[in-house]
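Subject: Structure for you to look at

Hello,

Please find the structure below, followed by notes on what turned up in it.

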Amino acid sequence: MVRKIIKIDEEKCNGCGICASACHEGAIDIVNGKAKLVRENFCDGFGDCLPGCPTGAISFEEREAPAYDEAAVKAAHGCPGSRFMTLKSGNQKENDCSQDMISRMSTHPSRLMQWPCQIKLLPTQADFYNGAKLLIAADCTAYAYANMHEEFMKGKVTMIGCPKLDDGDYTEKLTEIISNNDIVSVTIVRMEVPCCGGLQRAAENAIMNSGKFLPWQVVTISRNGEVLD
C-alpha cells in the first residue's frame, strides 16, 4: 500500500539515537552509527521520532510500504524497554555525538553495544550479531568484577542471565543465536558459585549443537572480584 512513512537522511544523521529512543514501536535501530528504518511495518507514520532529531535528518514521505502491523509491534515489544537497539560504542568520537550526549558521557564509558542484554529478551536474529564476538555472562559478574566493561564487554555483544533465577534452560535460545548468525567467538564469564555452572553448560552445549567450530573460553570470577581462571 502507499502510505505516509518516515525517511532518514543518512548523510545528515549523526547516530545520536534520539529517534530510536523516541520511536515507541521499535521501527528504528542504530546500525553502524546511523539511524535506520529497519522495520517498515512497525512505523505508524505519526512521527514521534521527528521533533528530537538535532540534525533534521528525519522527514515524511509517501511511498509503497507494508501496512502498519500493530499486532506484530505488541508481540515484539510488549515492554518498551525490551526494544532491540544497536548502541554507540563507548569510544565513539565526540564529533559524532550531540552536545547533550557528550555532556552526559562518563570518563568510564559504557561498553554495552546493544539493547536488550538479558538472554531471555534478546532476539535470535539481529543486525548486531553480524561478525559479533559474544560475551555470555552471569548477572553477578558485572558487580563482582570492577573492570567488566573494559576487559570483557568492550567490542562484544553482551548477553547476561542467571540460571538460578530465570525459568528454563538457555541452551535452545543460545543455539539459535549461534547457528543463525555470523558469530566469530564466544566468551563465557561466570561466578565461582555452583549455580553458574548451568550458564556455562548451556553456552558450551549451544556451541556444540550449532555445529560450528568457534574459538571460546570460560573465565571464572571469585566472590571478592578476582579472576580465578
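**Rings, cysteines and a sheet**

K4 lies over the face of F60, 4.6 Å from the ring centre; a charge counts as over a ring if NZ of Lys or CZ of Arg is within 6 Å of the ring centre and within 35 degrees of the ring normal.

Before the rest, the ground rules. This is a predicted model, in which local features need pLDDT of at least 70 and side-chain atom pairs count only at pLDDT 80 or more, while totals for chains, interfaces and linings use all residues. Residues are numbered from 1 along each chain as its sequence is written, and side-chain values use heavy atoms, with hydrogens and water left out.

Aromatic pairs: rings of Phe, Tyr and Trp (its six-membered ring) pair if their centres lie within 6.5 Å, and planes under 30 degrees apart count as stacked, over 60 as edge-to-face and the rest as tilted. The count by this rule is two aromatic pairs. F128 and Y129 form an edge-to-face pair, because their ring centres are 4.9 Å apart and their planes stand at 65 degrees. F128 is buried, at a relative accessible area of 10%, and Y129 is buried at 0%. Here buried means under 20% relative accessible area, exposed over 50% and partly exposed in between (1.4 Å probe, protein chains only).

Cysteines: a disulfide is a pair of cysteine sulfur atoms within 2.5 Å, and the count here is zero. For C43 the closest cysteine sulfur is that of C49, 6.5 Å away, so it is too far for a bond. C162 is in no disulfide either, with the sulfur of C195 nearest at 5.6 Å. C43 is buried at 5% relative accessibility, and C162 is buried at 13%.

The sheet: four strands form an open sheet in the order β8-β7-β9-β10, with parallel pairing. Its edge strands, each pairing on one side only, are β8 (157-161) and β10 (216-221). From one strand to the next the twist averages 20 degrees. Helices (H or I, at least four residues) and strands (E, at least two) are DSSP runs, numbered from the N terminus, and two strands pair if DSSP finds at least two bridges between them. Strand β7 (residues 132-138) runs parallel to β8 and is joined to β8 by five bridges; L134 stands opposite V157 in β8.

Regards

Conventions
Axes are lines fitted to C-alpha atoms, for helices over the stretch in contact, and angles run from 0 to 180 degrees between N-to-C directions.
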